[in-house]
Amino acid sequence: MNPSPDTHTSAPDRLPQRVRHELRFRQLQVRSTERITPHLIRITLEGEQLAGFHSPGFDDHAKLFFPDAETGELRVPTAGPDGLVWPPGPKPAMRDYTPRRHDAAAGTLEIDFALHDAGPATKWAETARPGDLVGVGGPRGSFIVPTSFDWHLLIGDDTALPAISRRLAELPAGAKVVVLAEVDAEADQIPLPTAAALELHWVHRAGATASGAESPLLARLRELALPAGDFHAWVGCESAAAKALRAHLVAERGAHPRWIRASGYWRRGASATHDSHDSHDD
Ligand SMILES: Cc1cc2nc3c(=O)[nH]c(=O)nc-3n(C[C@H](O)[C@H](O)[C@H](O)COP(=O)(O)OP(=O)(O)OC[C@H]3O[C@@H](n4cnc5c(N)ncnc54)[C@H](O)[C@@H]3O)c2cc1C
């Protein structure tokens, strides 16, 4: 289906609102770890410095700082008037993760780590034990996406399951939502509780990692008949796949470019990337 011309020329209402937060860096400890699926570890963090943690946006991210793999030393910056101030020594490995669940009353913060072949974050999560330290910076800002669309589309791989879970938890009863979620196999599927009316499509990549092939998410999306009406689309997965999904949604599915948020949560062959594909020029 091609978009109607006025869909793309009129200024849309219901634009996401950007909210800024004071940037804080924390040192937290692992309280517990749990293997949720073969490819997902949930790590619950705690600590006095968690006080005041604030994450109102479902796709917020925090920067995690990992201890030196050899010495175990954790170096976390502080926010100074002229930027970040680092303690002496090499900078730590840093990666972006979604605050999956913050329970202020219990003093806990849950992070879900999708496991893949290699990388300091994955390695840390696989070996983390209660009492281990980790640094947490931010979130420094949030996007608040209105819920008043005719329906919602959420597309992502394992790395986006925390954000998708949060969005599903905040959508009101009766909201219509279509989810395409890619994991390796059926054993990697997780419960996605929601009060909304959910149409859920699990997509299995079954070990496929070919870089030239079309992403399994896009292949499945092409087959889907989507609901009528205006919608907000959110995409979080491998960067080239996120870009292709966004292009398909705008060109073929009538998605309004201002009502899409498509991010590369990782990029094949590169470490520590975060690509936004929302130029808003289209
Ligand atoms: C805003 C944002 C929020 C995110 N939230 C989460 C989250 O809540 N949970 C989560 O698990 N991830 C999340 N990610 C993704 C995570 O930051 C990346 O997967 C990160 O690269 C993992 O770091 P690493 O040290 O394990 O691997 P890296 O050292 O960064 O990468 C090593 C190699 O592994 C590849 N690689 C990286 N990630 C994957 C993957 N998922 N599958 C296959 N190959 C991969 C890279 O291409 C590279 O070749 C988020 C990313 C962003 C930008």
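This is a predicted model: local features need pLDDT of at least 70, side-chain atom pairs count only at pLDDT 80 or more; totals for chains, interfaces and linings use all residues.

Trainee: How many bridges join E13 to E14, and do they run parallel or antiparallel?

Mentor: There are 8 bridges joining E13 to E14, and the two strands run parallel.

Trainee: In what order do the strands of the open sheet come?

Mentor: The order is E14-E13-E12-E15-E16-E17, which makes 6 strands in an open sheet with mixed pairing. At the edges are strand E14 (197-204) and strand E17 (275-276), each of which pairs on one side only.

Trainee: Let me change topic. Which residues touch the most other members of the largest nonpolar core?

Mentor: They are Ile-155, Ile-164, Leu-217, Ala-233, Val-235 and Leu-245, in a core of 37 residues. Elements supplying at least two residues of this core include strand E12 (151-157), helix H3 (161-170), strand E15 (231-238) and helix H5 (239-252).

Trainee: What does Val-235 touch, leaving out residues up to four places away in sequence?

Mentor: Val-235 touches Ile-155, Gly-156, Ala-242, Leu-245, Arg-246, Ala-262 and Ser-263. There is also a second, separate core of 22 residues, with Leu-28, Val-76, Ala-125 and Val-134 among them.

Trainee: And the domains? Where is the protein divided?

Mentor: Domain 1 covers 18-141 and domain 2 covers 145-276. Their C-alpha centres are 24 Å apart.

Trainee: How many residues are in contact between domain 1 and domain 2?

Mentor: On the domain 1 side there are 15, in contact with 19 residues of domain 2. Strand E2 (25-37), strand E7 (94-97) and strand E9 (108-114) each provide at least two residues of that domain 1 side, and E7 gives the most, with 3 residues. By class, the side of domain 1 that touches domain 2 has 6 nonpolar, 4 polar and 5 charged residues.

Trainee: Now the ligand. Which residues around the ligand come nearest?

Mentor: Thr-98, Ala-114, Gly-119, Ala-121 and Thr-159 come nearest, out of 25 residues around the ligand. The elements giving two or more residues to this shell are E7, E9, helix H2 (120-127) and E16.

Trainee: What classes of residue does the shell around the ligand have?

Mentor: The shell has 11 nonpolar, 9 polar and 5 charged residues. Domain 1 and domain 2 each contribute at least three residues to the shell around the ligand.

Terms used:
Residues are numbered from 1 along each chain as its sequence is written. Domain bounds come from an automatic or database domain assignment. Two residues are in contact if their C-beta atoms, placed from the backbone, lie within 7 Å. Helices (H or I, at least four residues) and strands (E, at least two) are DSSP runs, numbered from the N terminus. Ala, Val, Leu, Ile, Met, Phe, Trp, Tyr, Cys and Pro count as nonpolar, Asp, Glu, Lys and Arg as charged, and the others, Gly among them, as polar. A nonpolar core is a set of buried Ala, Val, Leu, Ile, Met, Phe, Trp, Tyr and Cys residues joined through C-beta atoms within 7 Å. A residue is buried if 20 or more other C-beta atoms lie within 10 Å of its own, exposed if 12 or fewer, and partly exposed in between; C-beta atoms are placed from the backbone. A residue is near a molecule or strand if its C-beta atom, placed from the backbone, lies within 6 Å of it. Two strands pair if DSSP finds at least two bridges between them.
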